[in-house]
Amino acid sequence: DLMYVLWLFFVVMAWNWNCWLIPVRWAFPYQTPANIHCWLLMDYLCDLIYLLDVLVFQTRLQFVRGGDIITDKKAMRENYLRSERFKMDMVCLLPLDFFYFKVGVNPLLRFPRCLKYMAFFEFNNRLESIMSKAYIYRVIRTTAYLLYSLHLNSCLYYWASDYEGLGSTTWVYDGEGNSYIRCYYWAVKTLITIGGLPDPKTLFEIIFQLLNYFTGVFAFSVMIGQMRDVVGAATAGQTYYRSCMDSTIKYMNSYKIPRLVQNRVKTWYEYTWHSQGMLDESELLVQLPDKMRLDIAIDVNYSIVSKVALFQGCDRQMIFDMLKRLKSVVYLPNDYVCKKGEIGREMYIIKAGHVQVLGGPDGTTVLVTLKPGSVFGEISLLAAGGGNRRTANVIAHGFANLFILDKKDLNEILVHYPESQKLLRKKAKKMLQTNNKAKEEKGAPADPLIIPPKADTPKLFQAALAATGRLGAKGPLAQLRWRLKELKAMQP
């Protein structure tokens, strides 16, 4: 729910106010009697956001129990009251502000407000799940971690300087200029171990500086490692693409493949990567359940396949099963998709780009240019008994992205859809007859029938079956005769 993510944004902003401003107000002299009302106004506005989160939003948050999504209001409220989140929220809202009347407005009394970190991590997870480029937010968040650690160190340095006495030694802050900027500059040089700092003089200063150095080395190494992981995850696909291309180039060089072929291979890698952001779509979807793969295939490819005339009138579920078997292949300009005379084992659906059908005496005349959504190779796919020879050369006019459906896959699908199988055979027979008529006019031999005629039953065998029927005998012949009658009745 985007509204809930927006609400979490306000909760996280209130949490950041407490985390960043409580140390500043405690260490630096920025909270004065003249502006105390502004600080308190923002404090209690953040408390109001915390309270609304507890009373309104968290008690209405759905949850999963035993695989079911629970939407009952009472159950949702009870689930929140039993959770660790509720206990931490109660600690966050401890009313320590009443001690203001006794000790004054001390910002440290608001420290429990910083314990609402669960809302921060929940906001991170939900925001990353809806962002198209989540790595950008991860980089910003990791940078914020580093800035916050420097922020805390600058507050501690000013507190240590005030404890020792401003300007009392060369190590402490001398009290000149903007106190926060000067202390933040000192924190950056310390945590990143740049050096060039004055030597500590007292035992307190030496211990404080040692702790700073140890903390800086640890924190900075953690931040660098986390940033490396974030950037590595963001560029993982690009790294995989480069690795595949480098391995292929190394292989071609080792076998002395001609430079022209190498350039075409490189062009295929570059175009495939830039056009679809991956080299093989099946690798991306292999981990998904079958139902989810079907849903994605329907959203991506159904609008193209459903417009193919060959499949008009077929069972909708058959088309869905076929979508899962389609393979996407990219062809380069002037690549042969299929050649005349070769055995056809698949049909093609144009997803993007154009292909040209070549013919004529020299085989180079462009007969027709096929556009996206067109189908070719379907006669070879549906024909039987030698009718699966390609009848023309087909080349890619430019970069072409084609769907390929294998003959074996289509046969496995049609077994479960006999009505669609009959319809496709009728269409294929009609197309083949049209094709044969054109060949006969040109004097070329015709292709065999899609469904070859059934051979006649031998006469001697027919006589034996007839005798069995007249005598009413029992046995293998009688059973076979009954079975043949049953099959004959099933034929259209």
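1. Let's start with the aromatic pairs: the structure, a predicted model, holds 32 of them. Rings of Phe, Tyr and Trp (its six-membered ring) pair if their centres lie within 6.5 Å, with planes under 30 degrees apart counted as stacked, over 60 as edge-to-face and the rest as tilted. Because Trp 159 lies in helix α7 and Phe 204 in helix α9, the pair ties together parts that are 45 residues apart in sequence. Helices (H or I, at least four residues) and strands (E, at least two) are DSSP runs, numbered from the N terminus.

2. A word on conventions. Because this is a predicted model, local features need pLDDT of at least 70 and side-chain atom pairs count only at pLDDT 80 or more, while totals for chains, interfaces and linings use all residues. Residues are numbered from 1 along each chain as its sequence is written, and side-chain values use heavy atoms, with hydrogens and water left out.

3. The structure holds one cavity of 30 Å³ or more, and about 30 Å³ of space lies in the largest cavity. On a 1 Å grid over the protein atoms alone, a cavity is a set of points where a 1.4 Å probe fits but cannot get out, and lining residues have an atom within 4 Å of a point. Grid points are joined across faces, edges and corners, and a volume is the space filled by probe spheres set on the points.

4. Which residues line the largest cavity? They are Leu 146, Ser 149, Leu 191, Gly 216, Ala 219 and Phe 220. Both α7 (134-164) and α9 (203-234) supply at least two residues of this lining, and α9 gives the most, with three residues. By class, the lining has four nonpolar, two polar and no charged residues; Ala, Val, Leu, Ile, Met, Phe, Trp, Tyr, Cys and Pro count as nonpolar, Asp, Glu, Lys and Arg as charged, and the others, Gly among them, as polar.

5. Five bridges join β6 to β7, and Val 357 is partnered by Val 368 in β7. The hairpin of β6 and β7 has five residues between the strands, and Gly 360 takes a positive phi near 90° there.

6. Another open sheet of four strands has the order β3-β10-β5-β8, again with antiparallel pairing. Its edge strands, β3 (327-331) and β8 (375-376), each pair on one side only. Six bridges join β5 (residues 346-352) to β10 (residues 400-406), and Glu 346 stands opposite Asp 406 in β10.

How values were computed: 1 Å grid on protein atoms, 1.4 Å probe; cavity = no way out; pocket = protein on both sides within 12 Å on 5 of 7 lines; lining within 4 Å. Pairing = 2+ DSSP bridges.
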